[in-house]
Amino acid sequence: LFNAGWHISFAHQSFQWASEAPGMAHVHCVIIGFEKGNQPVRRLFTYADIKAEPEERKVKNINPYLIDGPDVFVEKRSKPLAALPETRYGSKPADGGFLIIEAEDYEAIIADPIAAKYVRPFVGAKELIHGLPRWCLWLLDASPREIQDSQVLSERVDEVRQFRLKSKKESTRSLAQTPHRFGECRPSTVDYVCIPSVVSERRDYMTARHLDASVITSNLAFTAEDPDGFLFAIISSLMFMTWQRLVGGRLESRLRFSNTVVWNNFPMPPIDKEVRERIIAAGEQ
């Protein structure tokens with residue numbers, strides 16, 4: 001649109017619109033008006049929070065992030081811009097829930113001596129943020145004989161096979177050949193820092209946590225190596241949260257972390273040894 005000569009003439013930043021019809025859901029909206037030409041003054045409506053009344057400001061320009069600023073685009077990067085470790089998605093089950101162990105099923109599954117060997121803690125965004133218990137069956141090293149000899153494993157693996165075979169996606173159906181495995185396996189071989197894919201917009205800081213290598217992170221969170229705690233401190237900083245709010249996507253009004261857009265573009269300057277140690281100490285506190 002910008003390349004075709006259009007510009008934003010007015011915009012409402014994110015707000016919650018509630019239908020007057022009973023039982024209708026609340027919807028999160030933006031309103032954007034476009035026109036051609038170079039208008040000297042444009043109208044930007046901001047909201048103190050998602051439910052607040054708008055406040056109008058006259059500005060010279062409204063950029064694609066719906067703020068008063070130049071037309072700068074933050075595009076995907078495959079590697080971090082700064083001297084930071086890469087972050088990546090966790091493991092995706094694609095299993096219909098049959099490789100996942102909820103709290104109410106834990107005791108029954110752990111009572112099976114074969115299955116118990118392959119029970120691992122399982123953490124996604126919700127479990128990370130709220131400290132909720134959840135586990136999974138991580139069967140990469142399980143032999144076919146073990147799976148066959150365990151009622152728990154044989155039943156659950158068969159359910160995964162049936163679930164995948166019924167999928168409309170050819171890629172998922174092909175995973176039915178290895179029903180004991182997650183659809184995408186990205187385990188960590190070292191202790192790591194876990195970053196949720198979505199957090200509430202009401203949080204002042206990003207919620208991250210160091211986890212043991214035995215913990216399996218789901219595809220609803222990200223992982224990265226962090227041997228000295230520097231990464232944890234950066235993610236937990238107000239500066240990073242400011243960057244996240246500006247360029248990150250949203251789920252309703254919640255903040256969506258992205259490795260390619262948010263993390264890989266984080267504009268951190270070079271950090272010398274002394275400053276790095278101070279940042280790590282702040283993260284420990």
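**Close-ups of a predicted model**

In strand β15, R256 is the bridge partner of V198. This is a predicted model, where local features need pLDDT of at least 70 and side-chain atom pairs count only at pLDDT 80 or more, while totals for chains, interfaces and linings use all residues. Residues are numbered from 1 along each chain as its sequence is written, and side-chain values use heavy atoms, with hydrogens and water left out.

**View A. A three-stranded open sheet, ordered β10-β15-β14.** The pairing here is antiparallel; strands (E, at least two residues) are DSSP runs numbered from the N terminus, as are helices (H or I, at least four residues). Two bridges join β10 to β15 (residues 254-256), and two strands pair if DSSP finds at least two bridges between them. β10 (198-199) and β14 (249-251) sit at the edges with a single partner strand each, so one side of each has no neighbour in the sheet.

**View B. The nonpolar surface patch around W6.** L1, W6, V30, I32 and F34 make up about 440 Å². Strand β2 (residues 26-36) gives the largest share, three residues. W6 itself lies in strand β1 (residues 6-18). At 31% relative accessibility, W6 counts as partly exposed, the class between buried (under 20%) and exposed (over 50%), with a 1.4 Å probe and protein chains only.

**View C. Helix α10 and its start.** A side-chain oxygen of D272 reaches to within 3.3 Å of the backbone nitrogen of E274. The twelve residues of α10 (residues 273-284) should span 16 Å at 1.5 Å a residue, and the end C-alpha atoms are 17 Å apart, which agrees. That expected span is 1.5 Å times one less than the number of residues.

Notes. A polar contact is a pair of N or O atoms within 3.5 Å; within protein, one must be able to donate a hydrogen and the other to accept it, and residues adjacent in sequence count only if both atoms are side-chain atoms. Patches are made of residues with over 30% relative accessible area and no salt bridge: like charges are joined within 9 Å, nonpolar side chains (Val, Leu, Ile, Met, Phe, Trp, Tyr) within 5 Å. Accessible areas come from the Shrake-Rupley method with a 1.4 Å probe; for residues, only the protein chains shown count as cover. A salt bridge is a side-chain nitrogen of Lys or Arg within 4 Å of a carboxyl oxygen of Asp or Glu.
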